Every structure is written in structure tokens, then in C-alpha cells.
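Subject: Structure for you to look at

Hi,

Here is the structure I promised to pass on. Please open it and keep it beside this email while you read.

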Amino acid sequence: KILILDFGSQFTQLIARRVREVGVYSEIHPWDMSEDALRAFAPAGIILSGGPESTIGDDAPVAPPLIYELGVPVLGICYGMQTMAAQLGGEVETSDHREFGYAQVRARGHTALLRDIEDHATPEGYGLLDVWMSHGDRVCTLPPGFNLMASTDSAPLAGMADEQRRFYGVQFHPEVTHTRQGTRILSRFVLDLCGCRALWNADSIIEDSIARVREKVGRDRVVLGLSGGVDSSVVAALLHQAIGDQLTCVFVDHGLLRLGESDQVMQTFARHMGVKVIRVDAQERFMSALQGEADPEAKRKIIGRLFIEIFDEEAGRITDARWLAQGTIYPDVIESAGSKTGKAHVIKSHHNVGGLPEDMKLGLVEPLRELFKDEVRKIGLELGLPSEMVYRHPFPGPGLGVRILGEVKQLYADLLRRADAIFIEELRRHELYDKVSQAFAVFLPVKAVGVMGDGRKYDYVVALRAVETIDFMTARWAHLPYEFLDLVSRRIVNEIDGITRVVYDVTGKPPGTIEWE
Ligand code: XMP
């Protein structure tokens, strides 16, 4: 397995994902990982990530010196290359020629890392690589033992290699897709230079997880809060394969799910897969708890608290349960260099073990703890979950509760569900669903005038929202075709008695948020 030491780059997770895509398991640890932990990890190779700092400062983060003594290949990327150079006797300077974005690198193809890897050949015999750069500092003197491996006009030392010790540094970012040969370079490093075998794939992940779950829980009973979202669904499918009837899922239907969603969950898990699912129809409890409450944060709290309360009641009835399963995934647990404040054990608030009765003393089972979202999806498909479920847009825990502005009422929820279903159905039919990251309808409890037949009619307004985003931190509104919006709008107004007007949200994030509350 490959160790990635994180110096705080926004791309560190991408390095880990690319390495895993090549078929090799990798883990991210902070740059100041202890020597004991390093030895215990026993990496076959080490990658040093980029980072926002300058190696020139006094408190510049440096890799543990031990990594250069383990006898395994090391690849430094951007800041990782600079810290390697500085630590091994080279020099780094702050450059006037900052480089951000696309660059072309002249590669000396004779190194084991870059041999035969190029986008264009030149008459001079260099390979040219189209890469993505982002740096201010640069290496200006190679450390002893290193040779030049790559250069650009503004960074004459854009790559270095010590073939004897198998230490490599690149100033560009092989992990981003804009570096076209990036995956080949990482693959060369982990497979050929580190000697790892490509054994990490959906089948082996499943097999391995099943074995570990069986070993951990033995003949005990396990409880899982199933929400219909990707993570808990994959956990359900995986645990069902691992331990069959020892798994009981509790599915709390708060009545704020999308059209037909509750039945779909039961259909997929209970009927098709034979998973034991207790469905709790709690619509009325949620509606009455929400009555009269218009404040978004208060609504979130009410829904969250009641959800845990009901889950606990049900789970408490399964008297011999010893374990609580959760859909925690790797990005939830990575202790990255950027945020070292105890992210290590996040318990998703919806399935909060702290809320369960004291005497239950449940242990935690988190079979997806080491997986990225794309890996979770892959094993979900492999386990037989429908792809619509696995590739579904994210849906907030409070559901339609935060998509009905102000007070939540049954009528509003019913109207919204139908409008949302039409929007999503048309997105799928026009093959636009997978092109946007999240799409939904929002209910506005104001009445606007419309003309229906001969009369004027005052009814509600629905807003459509569709965004494109990578990380949900920033987003742009999706430029859906006018004809498409026209069709959706006409269908909603014609088919849903109670809605007279449809609007489309053209606000980015920032300044807007994705949800309306
Ligand atoms: P915002 O609205 O903050 O949304 O731009 C970013 C992402 O988070 C989701 N979201 C929530 N998810 N509980 C959740 O589980 C919530 O209360 C909540 N609020 C927003 C939102 O759907 C989007 O994907």
C-alpha cells in the first residue's frame, strides 16, 4: 500500500483516488505522522502532496526524515518536491515567475518515472508533457545525487530524479485530469517503481469488507439506520451479503421524502434483496412537531431530534443488538493537514450512537470508512443496487422540510413532491440528470395570479434549481436549455392543480446557497 503524506494541498484526496483507480490501496496521513506510525504502516512507496506553505519559512512543514531511510520509492509533488529538495541538500527560492494552470514541460524521457510518457515528441528528442502547474516557489539547486528530469521556461528544475534511491520530484500536478499523462505517471510510480500489484477493485473491496465484518461481529445482531441515500444503502447491501439475517435496518419515513422514494427503498431492500427492514411511518409525528415552525434552523433541529428519537425507540426494541452500522466514508475521517482538529471520528448526526439507550452499549461497524464516494458507488453497483439509486443526486437529511419555505404543511409537501418528480423525470428523459450535480424543486408559499380557462386563479409558486459543482462548496447554476425549462414549466402548471407559476433559479453559490433554506 501507498502512503500519502498531506501538506495541505486541495488536491491531496485526488492523489489518493488516482492511485486507487490504478488498483493500489492508498491512505492519506498528515505530514507530521509519527515515526512509529510510519513504520507500522509499512508503505511500499510514499507520495508527498503539494501544499500552500513555502519551504523557505522557519516553520515550514517537512516530511519525517525517516521516509528517506526506509528504502522505498518517494515521489514529491509540487511542495512535496520542494521539501524533498530542501531536506536532501538542495535549494528552493521564491520565484518571480509564478505559474498557475496549463504549462508544457520538457521531459527527459530516460528516467524510470517518465520513460516513454509524452504528449508530443520534439526533434530535439525531448518528450513534451501538457501539465497543470500551481506554484510560487521553485527548486533552484538539485540535491546531491539528483539529476534533472523535467523543465519549463519558468521552472528550469520542474522535475528531478535520484534513480539510485528511487526518489522523484515533479513541480506539476500529475493527480489533476488537466495533466493528461498524470494517471500514467502515477501508475508507473506505484506499479513499476514501488512494485505494488493492482489488486484494489470492487470485487476485492467487497470480499475484504465482508471478511472483516464477519470477523468483527461474529454471530451478533447489527442495527443500521437506512435512509435511502447512497452510503447507507451500500452498507445495507454489503452487510446483508456478509451477515444476512443478523442485520436489521430501521427506515424512518419522515414524510418529507421524494415521490415514491419510501416505497422504492422497501422494494429494493425488503422485496428484492430480502433485507430485514423495519419501516416506521412517522409522517404524522413529524408534521405535528413541525406545525407552526417557520424558522429553517429550528425546522432542521426538530427533524433531526425527532429522527434520532424514533430511530432509538425502534433500535431499542431489537433487544439483542450489539452493533450499530454507519455509512461513514473516507472523506469524513481523513485527518488532513488543513484541518487537524479531531475530524477523526465523525459520527453522522442522523444515526447518533450517543442517543441510544445507555445499556445497549453498541459497538460501531463502519465498512465504508476507507472508501471514497466513487468507490462506494462502484461496490454498490457490484452488490446489485440499481444505478438510479447509486448515482442519485444528494438529498438533505431534513428532505423536503427545507425545500418548503417557512412552515411545513401536508398540502405543500404533496404539491412539491409532484412538481419535483416531473422535473427529475424530464431531466432523466432528456439525459440531463447526470450532467447536473443536484436538481430539485422548491415550494414558495406565496400565491401568484394565473389565467386558467376563463378565470383568474391565485395559486402557489414553484422554483426549479439545478446546479453544477464538484464539491458543493461553490456551484454554478446549470444552463438548462430554454425549451427544456419551457416543457417542465408547462407540465407542472398543467398537471398540478394548485401551482400557477414556475420560476428558474439563476443564482450561483456564492452568493446563494444550493438549498433555499
Ligand atoms: P447549501 O444549501 O449549503 O448545500 O449550499 C450544500 C449541500 O448540502 C446539502 N444540505 C444539507 N444536507 N442536511 C443535509 O444532510 C441539511 O440540513 C442540509 N442543508 C443543505 C444540500 O442539499 C447540498 O447538497
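Predicted model: local features only at pLDDT ≥ 70, side-chain atom pairs only at ≥ 80, totals over all residues.

Ile 46 stands opposite Val 74 in strand 4.

As a reminder, strands of a sheet pair through backbone hydrogen bonds, either parallel or antiparallel.

**Helix 4**
Next, find helix 4, residues 182-193. It has 12 residues and reaches 15 Å from its first C-alpha to its last. That is close to the 16 Å expected at 1.5 Å a residue. Which residues of helix 4 are buried? They are Gly 182, Ile 185, Leu 186, Ser 187, Arg 188, Phe 189 and Val 190. What covers them includes strand 1 (2-6), helix 1 (12-21), strand 3 (45-48) and strand 4 (74-77). After helix 4 comes Gly 195, whose phi is positive, near 75 degrees.

Another open sheet has 5 strands, in the order 13-12-11-14-15, with parallel pairing. Strand 13 (276-281) and strand 15 (363-365) each have a single partner strand, so one side of each is left without a neighbour in the sheet. The twist averages 30 degrees from one strand to the next. Helix 7 (residues 261-273) packs on this sheet and touches strand 12 and strand 13. The direction of helix 7 makes about 165 degrees with that of strand 13. Strand 11 (residues 221-225) and strand 12 (residues 247-253) pair over 4 bridges. Here Gly 225 stands opposite Val 250 in strand 12.

Gly 229 lies in the loop between strand 11 and helix 6 (230-243). Is Gly 229 buried or partly exposed? It is partly exposed, because 17 other C-beta atoms lie within 10 Å.

**The ligand**
Finally, look around the ligand. Its shell has 6 nonpolar, 3 polar and 3 charged residues. Among the surrounding residues are Arg 300, Phe 472, Lys 509 and Glu 515.

Best wishes

Terms used:
Residues numbered from 1 in each chain as written. Near = placed C-beta within 6 Å. Nonpolar A, V, L, I, M, F, W, Y, C, P; charged D, E, K, R; others polar. Helix = DSSP H or I, 4+ residues; strand = E, 2+ residues; numbered from the N terminus. Expected span 1.5 Å × (residues − 1). Buried ≥ 20, exposed ≤ 12 C-beta atoms within 10 Å, placed from the backbone. Contact = placed C-beta atoms within 7 Å. Pairing = 2+ DSSP bridges. Axes fitted to C-alpha atoms, helices over the stretch in contact; angles between N-to-C directions.
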